[in-house]
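Me: I am new to this structure and would like to go through it step by step. Could you show it to me, please?
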Amino acid sequence: MIKSIIFDLDGTLLDTSRDIRKVLNESLERFGLPAVSMENTLKYLGNGARKLVARAVGGNDLKLIDEVYGDYFKRFAECDNKLTTLYDGEREVLERFLNSGIRLAVLTNKPQKAAERVVKQLLGGIGFEYIYGDSPEHPLKPNPATTLEIMAKLGVEKSETLFVGDGDADAKTAANAGIRCVSALWGFRTQSELESAGATEFARNFKELENKVFFA
């Protein structure tokens, strides 16, 4: 029986792609660098903000990458999230999880302050007990340390925990933590990309996810 669900954020709980691209291109423009397309923005996502910026900048100029990243980090912490949306049927399913006693948490490679801000703004009525993002205290996925920390704080076993995410880092995190994972096909990666990362269980939308939680 599932007692807790740990969710990824970008591409899983929220479609943040347009805001990410907007802020990224603002930072790139400031340093005279070419803008990135939405297609490449999605390709570059999944391993934290610094990796995103490094891939967008290209090359091996670490000083430039650090400067662009610093600008991006500051801009994203202040982002108004006006282009970010929930997915179809999401809020209703999350509320049914909560009403059934399932405890929810967020684990993302997004910067901590930006993660807290967007969750509060768009998912403020949902009772996520923990929101962990990129910070000195918490290593990035696919390191399983924070996943295991969340489980310990919630007092749940591995067999009682589900990880839900749309990225290869999410599938690998779940595998590294020894817990079940449902990969979200409504996010930023294709099924074939996720299968290459080891994913074996999928949901096309939140209703399918709900069925896998309650009727698997």
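Reply: The answers below concern a predicted model and take up its sheet, one of its helices and a helix pair.

Me: What is the order of the strands in the open sheet?
Reply: The sheet has six strands in the order β3-β2-β1-β4-β5-β6, and their pairing is parallel.

Me: Which strands stand at the edges?
Reply: Those are β3 (128-134) and β6 (202-203). Each has a single partner strand, so one side of each is left without a neighbour in the sheet.

Me: And over how many bridges do β4 and β5 pair?
Reply: The two strands pair over four bridges, in the parallel sense. As for individual residues, F163 has C181 in β5 as its bridge partner.

Me: Turning to α8, which of its residues are buried?
Reply: In α8 (residues 168-177), the buried residues are A169, D170, A171, T173, A174 and A177.

Me: What do they pack against?
Reply: The buried residues of α8 pack against helix α7 (145-154) and against the strands β4 (161-165) and β5 (180-184). Just after α8 comes G178, with a positive phi of about 75 degrees.

Me: New topic: at what angle do α5 and α10 cross?
Reply: The axes of α5 (residues 90-99) and α10 (residues 206-215) cross at roughly 15 degrees and come within 9 Å. An angle under 35 degrees counts as roughly parallel, so α5 is roughly parallel to α10. The crossing is left-handed.

Me: Which residues make that contact?
Reply: From α5 they are E90, V93, L94, R96 and F97, and from α10 they are F206, K207, L209, E210, V213 and F214. Seven of these residues are nonpolar, four are charged and none is polar.

How values were computed
Residues numbered from 1 in each chain as written. Predicted model: local features only at pLDDT ≥ 70, side-chain atom pairs only at ≥ 80, totals over all residues. Heavy atoms only, no water. Axes fitted to C-alpha atoms, helices over the stretch in contact; angles between N-to-C directions. Parallel < 35°, antiparallel > 145°, perpendicular 65-115°, else oblique. Left-handed = near helix turned anticlockwise from the far one by under 90°. Contact = heavy atoms within 4.5 Å. Nonpolar A, V, L, I, M, F, W, Y, C, P; charged D, E, K, R; others polar. Buried < 20%, exposed > 50% of the residue type's maximum accessible area, 1.4 Å probe, protein only. Pairing = 2+ DSSP bridges.
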